[in-house]
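Thanks, everyone. I will take the arrangement of the copies, then a chain as a whole, then a sheet.

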2 protein chains.
Amino acid sequence: MGGDHGLSVTVPASLSFLKQEAAAELVLVGPQELIEAELRKHKAENHPRIKVKNASEIVKMDDPIEVALRRKKDSSMRVAIQLVKDGEVHACVSAGNTGALMAISRYLLKTMPGVDRPAICAILPNQKNGPTYVLDLGANVDCEAEHLHQFALMGSALFANIEGNPHPKIGLLNVGTEAIKGNDVVKKAGDLLHIEHENGTLNFYGNAEGNDIFEGTCDVIVCDGFVGNVTLKSIEGLGRFVRNVLVTEFRSSLLNGLGALLAGKALKSIRQRLNPSRFNGACMLGLRGLVFKSHGSADAYAYECAIRRAHEAVRRDVLLRISTTMAELLQKSKEHHAVEKTNTENGIQEQETV
Amino acid sequence: MGGDHGLSVTVPASLSFLKQEAAAELVLVGPQELIEAELRKHKAENHPRIKVKNASEIVKMDDPIEVALRRKKDSSMRVAIQLVKDGEVHACVSAGNTGALMAISRYLLKTMPGVDRPAICAILPNQKNGPTYVLDLGANVDCEAEHLHQFALMGSALFANIEGNPHPKIGLLNVGTEAIKGNDVVKKAGDLLHIEHENGTLNFYGNAEGNDIFEGTCDVIVCDGFVGNVTLKSIEGLGRFVRNVLVTEFRSSLLNGLGALLAGKALKSIRQRLNPSRFNGACMLGLRGLVFKSHGSADAYAYECAIRRAHEAVRRDVLLRISTTMAELLQKSKEHHAVEKTNTENGIQEQETV
């Protein structure tokens, strides 16, 4: 029901997705009559792989989290996440209010062991033709160093399991590459990640800068949700700006129009490589269940990409794999800290003995 | 001397600038023999409008601020800023270490009345074919609400005086448009700016999001230096990525090559509109002197743009104008707060009397 367009986007996206994925099934959650009416428009009221689950309320894009969480107990968002919790579906996709989606997910599904705060992880394209995972993108506007540390562990586990690279390079988003750069939280997070690198838990690259996101310097880039959110939206804004400039300039004269026609293949390929819709569908990481967030302004193609991403995560059993990897990483990290502590205590003892 | 390329960029840029501006004069600061050797390469050792001012040391890009400030007292950076202070030049342009440039400027020039911390203000293009001023871009990685408040006043004064718009729209960079969004510092800054709007000191738009930078929703966008720096570098990174994709795809086949040839005018215009070099030269705002920061990686064209920007600021007497506007804004803001305070005190008195 969510996002800027609601059912007029989510229903066509669902139908298109099911056409591509012959084994997949979808449960559409929201006011039953509305969904059924929309399905009828597409002559799909009897689709064998669509179930409709009724929910009487809708979380609005500007509802405060408290309202979404405490007052609207029969919202489509909450009912959908409950289905994940009850094991009736494998994953939930929503284009709705991000804060509400995160709060309800956290409340119903709970976080994985070792995770204080879940994070939103998006995938961006880079110049090396690979993906750059960036988290957090808005779930946590105030972060401590320990949270950034956990985001690094989660991001590493996600990348390793989806991309099949057991030692992804982790960068810490900062205002410069030198270790002395940044505010206190980031500097402290850098120290924590450096320790993880030393003990072999993480492949920590060090500080990354904004441009590293697109240069593909790192596989995973970690930041707090305020910085991540502003950065992502700035990038999207520039993307739209560039697209508009391209379209305007190519249409500005007939000759250019002819040139553009001849350059058609290149333009199509450019559009394909730079299309932000392809990358729609951010993962809410650190929960005991799979929840994907589509952009609120997504069109049907972009929303279908988000469903596809959720489907891919289910197919690859990402949740179990991340839990396992996270447990291993945490165990390794703890063992190391225990050894360090023992060494320090022994050091003190020795000193005292001396 | 600074930046990634030093004299091989700054000298040609200076010569090209002087060719365009027949009345301008430049003082090049650094080790005299090195500068003279570079000038000889360009057959410009006797240029009538170039003076060379010797400085024996160079601040390196990775020098800690303390080293630049306390140990290298005869650095080209420090000598150049001293020239500004002594009134021997109207402005200083540097591509060197940003932290050092800011620290030395602040130490030698001091801040304007009412300004606790200077800020770096860059100008970005937007979809409305106008400029968006964004500050701070890295001078202050930890900010309080009061600093963001001052950035807004300074940005407003700069925009008003350069663009000739007395009531520029000021946006506060945040993760959402609603007033409840953001971390504590930003929420408090929003309250302060709202008061300035109510009393007519500022034209406060409210919260802006990353995409608003390019949509031209606001004339000036205010953020802390950490967010601003990461955002700017991300934008630059995406810009390079897009440019590379365009070039690669247009070169990828002969037909596309022909198409690109025909589309040449459009491509040239696109390059022109999106060329980040055009916007090189950020203003260090809030100092009692004009200092401009070029990108460290600037080529000769980009560095010339930074010199041009400084020249334009001198020509428009921006420093005096901003000081005057800032004094007026501060006076207005203070008067309002005094009235508010009296009202509150009277309110309390009345209550007590009752």
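This is a predicted model. Chain B superposes on chain A through a rotation of 180°, with 0.0 Å of shift along the axis and an RMSD of 0.0 Å. The two copies are therefore related as by a two-fold rotation axis. Both copies use the same surface: of the contact residues of chain B, 96% recur in chain A.

Now chain A by itself. Chain A contains 13 helices and 10 strands. Its C-alpha trace spans about 85 × 55 × 35 Å along the principal axes. Among contacts in chain A with a separation of 6 or more, 70% are between residues 24 or more positions apart. The accessible surface of chain A is about 16,300 Å², and carbon and sulfur atoms make up 51% of that.

Next, the sheet, which I will describe in chain B. It is an open sheet of eight strands with mixed pairing, in the order β3-β10-β9-β4-β5-β8-β6-β7. At the edges are β3 (91-94) and β7 (203-208) of chain B, each pairing on one side only. From one strand to the next, the twist averages 25°.

One pair in more detail. Strands β5 (residues 131-135) and β8 (residues 220-222) of chain B run parallel, paired over three bridges. Y133(B) stands opposite V220(B) in β8(B).

Last, a helix. Helix α6 (residues 145-163) of chain B lies across β4, β5, β6, β8 and β9 of chain B. Its direction is at about 150° to β5(B).

Definitions and conventions
Residues are numbered from 1 along each chain as its sequence is written. Chains are lettered from A and ligands numbered from 1 in the order in which they are written. This is a predicted model: local features need pLDDT of at least 70, side-chain atom pairs count only at pLDDT 80 or more; totals for chains, interfaces and linings use all residues. Side-chain values use heavy atoms; hydrogens and water are left out. Two strands pair if DSSP finds at least two bridges between them. Helices (H or I, at least four residues) and strands (E, at least two) are DSSP runs, numbered from the N terminus. Axes are lines fitted to C-alpha atoms, for helices over the stretch in contact, and angles run from 0 to 180 degrees between N-to-C directions. Contact means heavy atoms within 4.5 Å. Copies are superposed by least squares on the C-alpha atoms of residues with pLDDT of at least 70 in both. Accessible areas come from the Shrake-Rupley method with a 1.4 Å probe; for residues, only the protein chains shown count as cover.
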